[in-house]
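Dear colleague,

Please find below the structure that I am handing over to you. My notes on it follow directly after.

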Amino acid sequence: MKPRHPALAEPPIVRIALTTLALLFLAFFLGLPLLSVFAEAFAAGVPAYLRALADPEARSAVILTVIVALGVLPLNIVFGVAAAWVIAKFEFRGKAALITLIDLPFAVSPVVAGLVFVLIFGAQGLFGPWLMAHDIKIIFALPGIVLATLFVTFPFIARELIPLMQAQGREEEEAAISLGASGWQMLWRVTLPNIKWGLLYGVILANARAMGEFGAVSVVSGHIRGETNTLPLHVEILYNEYNQVGAFAAASVLAMLALVTLLAKTAVEWRMRRETAMLSAELSPERVPAPASGRTAGATHPSAERP
């Protein structure tokens, strides 16, 4: 690694000051709140903490959160891979509009998104009378929570895969097709192996957002205890009731899920960097030794040979 030019290198005092500032920022805005959650959760002792988690409403909130996260996961994968495939591999009219629509959940407030679902599927909504006539319940039930969570999470996988698939190009897929592979064979043996780590990275981000979503789910859930309260909603209800131990015990579960997600994200990033480095090393041109100048050992110039 070449040393940096003195004009481009920061003075040691600047590096130390910036590093200290970054560490203090992380400690104040990340470390301190995290420690406070666990300190408040165990403030009344371990038995009270375990009783709070063993509460039927807390168990129901955890189970519902897991069900919703697992429910939206396959839909996110299918949509993300399909959208990334279409955008990265093909040119068509309306491509920019499709990319804009994928980014829509990043721009729209989750509360507004939840309200839209209420206006569409609620009792007074567009399809409300028809749903009531057929005894189909979406709002204030599990389907509405899944729809709201799906809306706020579907861009993550697509946004992770689009630049990756654009960088990979379509040469390998075209080669597979020219060799007689079917569409499914190309997908399972060429495309998915090439994007597996990017796909897993997007799944981790989408799953983290699904488990922690509050705004859209709060609008469509109805806050029915033991039925439609996810873990974030359960934390809010307990905190508003001044049940500090129960609220922070449930929040500690979310914090632990966040830490697990962070570790998984770090592991996937490390694996992606490792495979990228290995691939770059394999594709780099081999160094061929330059021919020696002048005569080589044991060689005789033709003009010096005698008949």
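Where does UniProt place the feature "transmembrane region"? The unreviewed UniProt entry puts this feature at residues 62-88, 100-126, 138-158, 199-224 and 244-264. Please bear in mind that the model is predicted.

Two of these spans may be described further. Residues 62-88 are 100% helix and 0% strand, with end C-alpha atoms 37 Å apart. Residues 138-158 are 76% helix and 0% strand, and here the end C-alpha atoms lie 26 Å apart.

I then turned to the aromatic side chains. The whole structure contains 11 aromatic pairs. One of them joins Phe 117 and Phe 151 in an edge-to-face arrangement, at 6.2 Å centre to centre and with 80 degrees between the planes. This pair links distant parts of the chain, since Phe 117 belongs to helix H6 (residues 110-121) and Phe 151 to helix H8 (residues 142-153), 34 residues apart. Phe 117 and Phe 151 are both buried. They also belong to one aromatic cluster, formed by Phe 79, Phe 117, Phe 121, Phe 127, Phe 151 and Phe 154.

A further edge-to-face pair consists of Tyr 239 and Phe 248, at 6.4 Å centre to centre and with 80 degrees between the planes. Are its two members buried or exposed? Phe 248, at 18%, is buried, because buried means under 20%.

Yours sincerely

Notes:
Residues are numbered from 1 along each chain as its sequence is written. This is a predicted model: local features need pLDDT of at least 70, side-chain atom pairs count only at pLDDT 80 or more; totals for chains, interfaces and linings use all residues. Side-chain values use heavy atoms; hydrogens and water are left out. UniProt positions are given in the numbering used here, feature names are shortened, and annotations may be inferred rather than shown by experiment. Helices (H or I, at least four residues) and strands (E, at least two) are DSSP runs, numbered from the N terminus. Rings of Phe, Tyr and Trp (its six-membered ring) pair if their centres lie within 6.5 Å; planes under 30 degrees apart count as stacked, over 60 as edge-to-face and the rest as tilted. Buried means under 20% relative accessible area, exposed over 50%, partly exposed in between (1.4 Å probe, protein chains only).
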